[in-house]
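This briefing sets out selected features of a predicted model. It treats the pocket, the helix packing and the local backbone in turn.

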Amino acid sequence: MAKQAPRRPMTLMVISPEADRIHMALMTAATAAAMGQPTTFFFSKAAAKFLTNEGWEKLQTSEGVASTEMDIALDAAGVADKALLMDGLAALNVRFVVCESALREHNIDATEIITRPAVEVSGLADIIEKGTGGDWLTF
């Protein structure tokens with residue numbers, strides 16, 4: 001049997017703090033990683049707040065619905081919510097990176113960042129270098 005070519009890496013740049021956009025980014029990454037595509041998140045701008053311990057609870061959808069209410073509706077519809085997706089992404093070894101500049105911009109202390117999945121603090125140059133030759137999506 002012929003050996004499959006390695007999949008191109010995917011980088012998801014998340015800059016919007018809207019819960020529905022972040023949820024779509026999580027679903028996209030979970031699907032790509034489950035299909036064997038190396039996947040990296042880069043959270044920057046106001047989206048960096050999502051990666052804080054209580055960040056998700058403070059976010060809203062683009063229509064003004066609380067993120068926690070969105071999760072309840074997703075669960076009732078049989079769609080993976082934020083908690084299920086984050087557990088799956090951790091199990092799939094998806095790389096999470098938060099922008100060091102975004103932490104400063106939004107006055108977020110690195111000790112406020114979630115620990116599962118593990119989150120690296122780094123910069124845009126690192127992401128660009130490691131994402132060379134791959135696919136990029138922005139949310």
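**Largest pocket**

The largest pocket of this predicted model holds about 160 Å³ of space. Its lining includes Lys49, Lys58 and His106.

*Pocket lining*

- Lys49, Thr52, Asn53, Glu54, Gly55, Lys58 and Leu59 are among the residues that line the largest pocket.
- The lining also includes His106, Asn107, Ile108 and Glu112.
- Sorted by class, the lining residues are 2 nonpolar, 5 polar and 4 charged.

*Packing of α1 with α2*

- The crossing in which α1 passes α2 is right-handed.
- On the α1 side, Ala19, Asp20 and His23 meet Ser67, Met70 and Leu74 of α2.
- The residues of this contact between α1 and α2 comprise 3 nonpolar, 2 polar and 1 charged.

*Packing of α1 with α3*

- From α1, the contact draws on His23, Leu26, Met27, Ala29 and Ala30, while α3 supplies Lys82, Leu85, Met86 and Leu89.
- By class, the residues of the contact of α1 with α3 are 7 nonpolar, 1 polar and 1 charged.
- His23 of α1 takes part in the contact with α2 and in the contact with α3.

*Local backbone features*

- Asn93 is not a glycine, yet its phi is positive, at about 60°.
- Asn93 is placed in the loop between α3 and β3, the latter being residues 95-99.
- Arg116 and Pro117 are joined by a cis peptide bond, with omega at about -5°.
- Pro117 lies in the loop that runs between α4 (100-105) and β4 (119-122).

Notes. Residues are numbered from 1 along each chain as its sequence is written. This is a predicted model: local features need pLDDT of at least 70, side-chain atom pairs count only at pLDDT 80 or more; totals for chains, interfaces and linings use all residues. Side-chain values use heavy atoms; hydrogens and water are left out. A crossing is left-handed if the near helix is turned anticlockwise from the far one by less than a right angle, and right-handed if clockwise. Helices (H or I, at least four residues) and strands (E, at least two) are DSSP runs, numbered from the N terminus. Contact means heavy atoms within 4.5 Å. Ala, Val, Leu, Ile, Met, Phe, Trp, Tyr, Cys and Pro count as nonpolar, Asp, Glu, Lys and Arg as charged, and the others, Gly among them, as polar. On a 1 Å grid over the protein atoms alone, a cavity is a set of points where a 1.4 Å probe fits but cannot get out, and a pocket is an open set with protein on both sides within 12 Å along at least five of seven lines; lining residues have an atom within 4 Å of a point. Grid points are joined across faces, edges and corners, and a volume is the space filled by probe spheres set on the points.
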